[in-house]
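Please walk through the model below with the sequence at hand.

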Amino acid sequence: MANLRSGMLVEFGPFRLDKALGKLSKGSTPIKLGGMPLKILLYLVERPGEAVSRSELQKLLWNGAAFGDFEQG
């Protein structure tokens with residue numbers, strides 16, 4: 001998925017992610033992303049080509065303590 005890794009910069013398709021600043025852009029257009037979506041994206045770019053399970057994401061986001069039916073959400 002990621003085709004460029006130079007330290008804290010990751011490019012994939014038309015997107016560029018500055019991991020150090022937590023900033024995502026498409027071309028020269030910044031994309032507002034924060035909170036859980038940013039946390040998930042950072043997690044995924046660190047694991048290119050790997051399958052990530054729902055339980056891994058649940059642990060990442062809620063430290064394994066989610067309320068409700070996570071499997072149906």
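Met8 sits in the loop that joins strand S1 (4-6) to S2; helices (H or I, at least four residues) and strands (E, at least two) are DSSP runs, numbered from the N terminus. The model is a predicted one, in which local features need pLDDT of at least 70 and side-chain atom pairs count only at pLDDT 80 or more, while totals for chains, interfaces and linings use all residues. Residues are numbered from 1 along each chain as its sequence is written, and side-chain values use heavy atoms, with hydrogens and water left out.

With a relative accessible area of 44%, Met8 is partly exposed; buried means under 20% relative accessible area, exposed over 50%, and partly exposed in between (1.4 Å probe, protein chains only). Apart from neighbours within four places in sequence, Met8 is in contact with Leu17, Asp18, Lys19 and Ala20, where contact means heavy atoms within 4.5 Å. Ala20, one of the contacts of Met8, belongs to the loop between S3 and strand S4 (23-26). Ala20 counts as exposed, at 54% relative accessibility. The C-alpha atoms of Ala20 and Gly7, 13 residues apart along the chain, are separated by 9.1 Å.

How confident is the predictor? The pLDDT, which is the predictor's confidence in each residue from 0 to 100, averages 82 over the protein, and 78% of the residues score at least 70. Over residues 1-5 the pLDDT is below 50, and this stretch has 14 contacts in the model beyond near neighbours in sequence. Where pLDDT is low, the predicted coordinates should not be read in detail.

Along the sequence the pattern is β-β-β-β-β-α-α, that is, two helices and five strands. Strand S2 (residues 9-12) pairs with strand S3 (residues 15-18) in the antiparallel sense over four bridges; two strands pair if DSSP finds at least two bridges between them. S2 and S3 form a hairpin with two residues between them, and Gly13 in the turn has a positive phi of about 55°. Across this pairing, Val10 stands opposite Leu17 in S3.

Val10 and Leu17 are also found in the largest nonpolar core, whose seven residues include Phe12, Leu24, Leu38, Leu41 and Val45 as well. A nonpolar core is a set of buried Ala, Val, Leu, Ile, Met, Phe, Trp, Tyr and Cys residues joined through side-chain atoms within 4.5 Å. S2 and helix H1 (35-45) are the elements that give two or more residues to this core, and H1 supplies the largest share, three residues. Of the 73 residues of the protein, 21% count as buried.

Phe12 is buried, with a relative accessible area of 11%, whereas Phe15 is partly exposed at 26%. The structure holds one aromatic pair. The ring centres of Phe12 and Phe15 are 5.7 Å apart and the planes lie at 25°, so the pair is stacked; rings of Phe, Tyr and Trp (its six-membered ring) pair if their centres lie within 6.5 Å, and planes under 30 degrees apart count as stacked, over 60 as edge-to-face and the rest as tilted.
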